[in-house]
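Please open the model in a viewer and keep the sequence panel at hand. The stops below say what to select and what is there.

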Amino acid sequence: MTNSQSNVLTTMKQFMAYGLINKKDKKQLEPVFDRYAATVPLSLAQAIKEDVDGGPLARQYVPSGMEVISNPAERDDPIGDKTHSPVKGIVHRYPDRVLLMPSAICAVYCRFCFRREQVGPSVGLLTTLELEAALNYIRTNTDIWEVIITGGDPFVLSPKRINGILEALDTIKHVAVVRFHTRVPVAKPELITPELLEVLKSSSKSIFVAIHCNHATELTNNAAIACALLADEGIPLLGQSVLLKEVNDDPEILSDLFRTMVKHRIKPYYLHHPDLAPGTAHFRVTIERGRELMKMLRGRLSGLCQPTYILDIPGGHGKVPISEDYLKRHTEAGDNYTYRITDINGASHTYPLQ
Ligand SMILES: *Cc1c(COP(=O)(O)O)cnc(C)c1O
Ligand code: SF4
């Protein structure tokens with residue numbers, strides 16, 4: 001059994017004792033545990049155990065020997081955070097919004113994480129001075145309209161710490177919106193406490209919460225309750241998902257995921273094409289396959305259930321939608337029509353320029 005003091009699995013020994021890792025894989029997994037953080041709360045560990053072998057939960061959270069296989073296209077900083085970081089804890093790529101990263105700690109460590117080289121307990125939290133410098137950067141850049149608090153996972157911070165950040169942002173006039181990016185409501189819903197809700201409610205800014213969730217089975221009863229608590233406070237909830245091979249690269253699974261989100265008042269926002277993080281090739285599908293899946297969803301699901309399929313261009317050039325282009329310029333000479341549009345059944349139609 002695991003150490004009764006601890007309510008999480010973090011070491012290989014704990015994962016093995018709980019039965020999530022086979023003893024015979026020990027040698028192969030040592031370098032993975034040495035290099036990357038691994039944590040699974042016990043409540044989730046139980047669900048992983050009940051999941052089918054190699055099912056969507058295990059695949060997302062249990063370290064695998066595949067993670068040591070590096071691919072030449074992969075990079076430590078796949079989306080170029082470093083080149084756009086003017087001060088520690090800030091990434092400023094788009095004029096009107098910044099990422100503020102007060103915590104590199106997460107409730108769980110996803111095996112496909114795009115920031116896997118930058119997150120973990122060994123990186124930890126910003127110091128008081130570093131946080132103050134990051135907030136100062138926001139204060140002095142009046143173009144910043146939105147602050148996206150991410151990490152790591154900001155909801156692993158104590159409500160008191162989150163309150164400190166929100167109070168500081170409250171005094172910055174040009175900031176209108178504060179968006180949290182978190183996996184806590186699905187990975188460790190017990191952290192959505194009345195204290196945290198009180199803190200979020202007391203901000204004078206418009207608060208949004210984007211929840212990272214990749215499979216409907218992650219939205220357990222407890223996760224649904226945590227989401228409802230946030231939504232009942234009037235906080236708009238967005239869904240962020242990553243397209244992952246053998247987790248959700250299937251039209252039925254994606255339909256179920258997005259419908260379940262909407263049922264819980266989470267608006268699917270982005271479906272991310274996986275980034276080129278080291279040791280994650282076994283999670284990547286082709287963009288062609290992603291487009292095909294999105295096309296299938298367009299035909300069968302409510303508009304409420306449609307996220308934007310998005311790619312963060314490697315090297316820090318920003319995000320772009322990469323869905324199938326339904327509209328093409330028609331270039332045949334002598335034709336009155338300028339656009340050719342393909343409907344969801346593949347039939348072609350025209351639309352005039354004006
Ligand atoms: C993804 C990202 C954002 C948020 O982009 P949205 O399209 O507004 O969701 C902002 N800044 C950086 C650096 C990002 O990587
Ligand atoms: S919760 Fe987010 S930041 Fe943390 S490991 Fe998962 S994907 Fe990475």
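**Stop 1: a helix crossing**

Select α10 and α11: α10 passes α11 in a right-handed crossing, right-handed meaning that the near helix is turned clockwise from the far one by less than a right angle, and left-handed anticlockwise. The model is a predicted one, in which local features need pLDDT of at least 70 and side-chain atom pairs count only at pLDDT 80 or more, while totals for chains, interfaces and linings use all residues. Residues are numbered from 1 along each chain as written, chains are lettered from A and ligands numbered from 1 in the order written, and side-chain values use heavy atoms, without hydrogens or water. Helices (H or I, at least four residues) and strands (E, at least two) are DSSP runs numbered from the N terminus.

Colour P251, E252, L254, S255, F258 and R259 on α10, and R289, L293, M296, L297 and R300 on α11; these make the contact (heavy atoms within 4.5 Å). By class, this contact has six nonpolar, one polar and four charged residues. Nonpolar covers Ala, Val, Leu, Ile, Met, Phe, Trp, Tyr, Cys and Pro, charged covers Asp, Glu, Lys and Arg, and the others, Gly among them, are polar.

**Stop 2**

Next select α6 (residues 159-170) and α8 (residues 194-202), whose axes come within 9 Å and cross at roughly 0°. Axes are lines fitted to C-alpha atoms, for helices over the stretch in contact, with angles from 0 to 180 degrees between N-to-C directions. The two helices, α6 and α8, are therefore roughly parallel to each other (under 35 degrees; over 145 is roughly antiparallel, 65 to 115 roughly perpendicular, the rest oblique). On α6, show P159, I162, N163, L166 and D170; they meet E195, L196, V199, L200 and S202 of α8.

**Stop 3: two sides of α2**

Which residues of helix α2 are buried? Select residues 26-35 and pick out L29, V32 and F33. Their arc around the axis is only 95°, which puts these residues on the same side of α2; the arc is taken over directions from the helix axis to the C-beta atoms. K27 and D34, on the other side of α2, are exposed. Buried means under 20% relative accessible area, exposed over 50%, and partly exposed in between (1.4 Å probe, protein chains only).

**Stop 4: a loop histidine**

Finish at H215, in the loop between β7 (206-212) and α9 (221-232). H215 counts as buried because its relative accessibility is 9%. Leaving aside neighbours within four places in sequence, display P56, Q60, V247, I253 and L257, which are in contact with H215.
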